[in-house]
Amino acid sequence: MNRNILEVTGLEKHFGGVHVTRNVHFSMEEGEQSAIIGPNGAGKSTFMNLLTGFHRPDGGKVVFAGRDITGLPPHKVARCGISRAFQVSSIFARMTVVENVRAAVHAQMRATFRLFAPARAIGAEETERVLALCAMEDKRELTAGELAQGDKKRLELAIALAGKPRLLFLDEPTAGMSIEEARSTMELVDRLNRELKLTVLFTEHDMEIVFNHARTLTLLHRGEIIVQGTPAEVRSNETAQKVYLGEHHA
Amino acid sequence: MIVLFALVPWLPGEFWTHVGTEILIFGLFAMSFNLLYGYMGQISFGHAAFFGIGAYATAMLFTALKTSAGDIGVAEFLLSLLAGPPVAAAAALFIGFFCVRLTGIYFAMLTLAFGEMLFYIVFSWYSFTKGDDGIQGLLPPAFFQDSDNFYYFTLAIVILALFVMWRITESPFGLTLRTLRDNQRRAAFLGTNVKAHMLANFVIAGTFAGLAGALWGPFSRSVNPGLLGWGESGIAVFMTLIGGAGAFIGPIVGSVIYTMLQAVVKMYTIYWPLTIGSVILVIVLFAPGGILGIVERRLRAARPEGGTNGGDPVAGAGETESRQ
């Protein structure tokens with residue numbers, strides 16, 4: 001019996017006069033792998049920003065694992081076990097790959113205020129686990145800012161995985177990747193979901209990836225949920241065809 | 001490097017021993033500044049406020065503890081030195097509380113504003129600070145009046161302070177500071193309380209600046225409001241740029257170059273500001289990583305497997321450099 005790990009009710013957000021999130025009700029079961037789709041400006045990024053504390057909702061409630069996290073700042077949301085990876089890789093450019101991961105592990109362990117312990121000795125096991133998981137061991141000593149685009153995105157995912165989050169948000173995880181890189185990245189995401197029971201929510205423009213890797217879909221349009229359901233249900237929905245899928249599968 | 005420093009008093013005459021002491025004290029001050037700049041990625045133009053507050057705290061306690069004849073016991077002298085860092089830390093906690101809310105140029109301007117405010121308070125509050133007269137007669141106990149002894153005493157304290165600083169930069173806290181330098185938003189999404197770490201580092205940097213200031217009073221036998229001013233803050237910036245912000249020991253290397261250059265140039269000309277201005281110009285234009293940035297690039301070029309380049313001004317060289 002699954003229970004909802006994420007429960008969003010009546011979420012509202014305005015930016016000035018623009019109503020970017022309208023009465024969104026959304027929930028995820030533990031272990032689910034789900035995608036949010038919708039045209040540009042539909043409010044996908046805003047929705048993720050509202051869930052991770054980057055924006056404060058104007059109304060509504062976000063409950064994660066039974067805890068009300070509405071309006072918490074990002075670092076507190078992250079400490080609850082919600083992690084996110086960004087569309088444009090957001091890494092620590094002047095640090096090496098292993099330092100990037102190590103710092104992320106420390107943040108999750110809440111070890112960042114340890115002033116005198118040597119950094120490399122703290123969380124070493126978890127750092128190695130994450131490097132191995134993302135197959136980045138051979139690049140460990142490279143400076144993050146000098147990696148190839150695909151590797152930057154992989155590192156982006158790696159630091160999001162530090163400290164074993166329970167819920168992972170991925171914003172366009174394959175954007176800017178070659179077909180080969182995109183395939184291996186999504187294989188990794190599937191594996192995290194299947195083997196590590198990580199709940200995954202991602203946005204994606206590539207409909208092939210969406211239909212192949214998400215078990216449930218949510219279509220956002222102008223800040224509202226148009227339809228929610230399995231890929232087959234969403235594909236056969238008329239409104240979905242009109243506002244979004246039509247332009248891809250015409 | 002420590003050996004070289006230990007040999008300074010063997011040079012003929014007291015002059016170079018004095019220069020050496022100045023190198024150490026200002027080197028420590030610049031090192032504390034670099035915790036903010038090189039590690040946390042924020043530039044402070046008001047860091048001398050903590051140097052000056054440390055100097056005044058020590059000077060005031062020193063004055064209160066000395067006998068009417070003007071002598072001071074060793075214990076009282078050491079006690080007065082201990083007053084500098086905590087008072088500077090308290091000031092840094094108060095000022096930092098406001099400054100860490102901002103980043104970039106706004107952070108820099110707010111530190112400058114607070115620094116100048118404190119300068120003005122010390123400058124004009126005659127009844128408490130003796131205003132622009134400063135506090136004179138900080139003559140240490142007989143043993144420390146000997147310039148060699150005072151030099152070794154300073155060397156010991158500075159080495160100890162740098163060791164503590166080095167441990168901090170190599171700790172999870174130090175690593176986290178570098179994530180704040182590179183990408184604050186991402187650090188927050190990983191669970192780091194950005195402002196709390198910035199404030200803690202601001203206080204740590206202020207404490208070490210206060211320690212440097214505490215040593216300065218008995219060394220120069222006096223303190224004056226100028227120690228808090230932006231010109232003094234600028235010295236830390238200059239030293240750090242010259243030596244290299246990306247290397248742990250960069251600022252102290254910068255202090256060696258800056259202070260010795262100043263000593264020599266002032267012997268021959270009155271054009272010191274023109275000279276240092278030209279040096280900074282050349283460094284910023286042609287060696288944005290400072291002297292150690294050049295050294296590091298040479299080392300990497302010499303090693304065939306050294307894949308990454310080190311051209312970035314504050315490139316993450318802290319680790320490789322500091323473990324020598």
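At what angle do the axes of helix α12 and helix α13 of chain B cross? The legend to Figure 1 answers this for the predicted model.

**Figure 1. Helices α12 and α13 of chain B cross in this predicted model.** Helix α12(B) covers residues 230-243, and helix α13(B) covers residues 250-268. Their axes come within 7 Å. The crossing angle is roughly 105 degrees. Angles of 65 to 115 degrees count as roughly perpendicular, so α12(B) is roughly perpendicular to α13(B). From α12(B), the contact takes in B:Phe238, B:Met239, B:Thr240, B:Ile242 and B:Gly243. Facing them in α13(B) are B:Gly250, B:Pro251, B:Ile252, B:Val253, B:Gly254, B:Ser255, B:Ile257 and B:Tyr258. Eight residues of this contact are nonpolar and five are polar. None is charged.

**Figure 2. Chain A meets chain B.** On the chain A side, 33 residues are in contact with chain B. Chain B answers with 27 residues. Helices α2 (74-79) and α3 (97-109) of chain A each supply at least two residues of the side that touches chain B. The largest share of that side comes from α3(A), with seven residues. Sorted by class, the chain A side holds 19 nonpolar residues, seven polar and seven charged.

**Figure 3. Four strands of chain A form an open sheet.** Their order is β2-β1-β4-β5, and the pairing is antiparallel. The edges belong to β2 (18-29) and β5 (67-68) of chain A. Each has a single partner strand, so one side of each is left without a neighbour in the sheet. Strand β4(A), residues 59-64, runs antiparallel to β5(A), and two bridges join them. Within this pair, A:Val63 has A:Asp68 of β5(A) as its bridge partner. Helix α1(A), residues 44-51, packs on the sheet. The helix touches β1 (4-15), β2 and β4 of chain A. Its direction makes about 65 degrees with that of β2(A).

**Figure 4. Six strands of chain A form an open sheet with mixed pairing.** The strand order is β6-β7-β8-β3-β9-β10. From one strand to the next, the twist averages 20 degrees.

**Figure 5. Strands β3 and β9 of chain A run parallel.** Strand β3(A) spans residues 33-37, and strand β9(A) spans residues 216-221. Four bridges join the two. In this pairing, A:Ser34 stands opposite A:Thr216 of β9(A).

**Figure 6. Helix α5 of chain A lies across β6 and β7 of chain A.** The helix covers residues 149-161, and β7(A) covers residues 167-171. Helix α5(A) runs at about 175 degrees to β6(A). Angles over 145 degrees count as roughly antiparallel.

**Figure 7. Chain A holds nine helices and 10 strands.** The radius of gyration of chain A is 18 Å. The globule rule gives 18 Å for 250 residues, so chain A is as compact as a globular protein of that length. Along the principal axes, its C-alpha atoms fill a box of roughly 55 × 40 × 40 Å. Of the 250 residues in chain A, 45% are buried. Among contacts in chain A with a separation of 6 or more, 64% join residues 24 or more positions apart.

Conventions: Residues are numbered from 1 along each chain as its sequence is written. Chains are lettered from A and ligands numbered from 1 in the order in which they are written. This is a predicted model: local features need pLDDT of at least 70, side-chain atom pairs count only at pLDDT 80 or more; totals for chains, interfaces and linings use all residues. Two residues are in contact if their C-beta atoms, placed from the backbone, lie within 7 Å. Ala, Val, Leu, Ile, Met, Phe, Trp, Tyr, Cys and Pro count as nonpolar, Asp, Glu, Lys and Arg as charged, and the others, Gly among them, as polar. Axes are lines fitted to C-alpha atoms, for helices over the stretch in contact, and angles run from 0 to 180 degrees between N-to-C directions. Angles under 35 degrees count as roughly parallel, over 145 as roughly antiparallel, 65 to 115 as roughly perpendicular and the rest as oblique. Two strands pair if DSSP finds at least two bridges between them. The radius of gyration is taken over C-alpha atoms; the globule rule is 2.2 Å times the number of residues to the power 0.38. A residue is buried if 20 or more other C-beta atoms lie within 10 Å of its own, exposed if 12 or fewer, and partly exposed in between; C-beta atoms are placed from the backbone.
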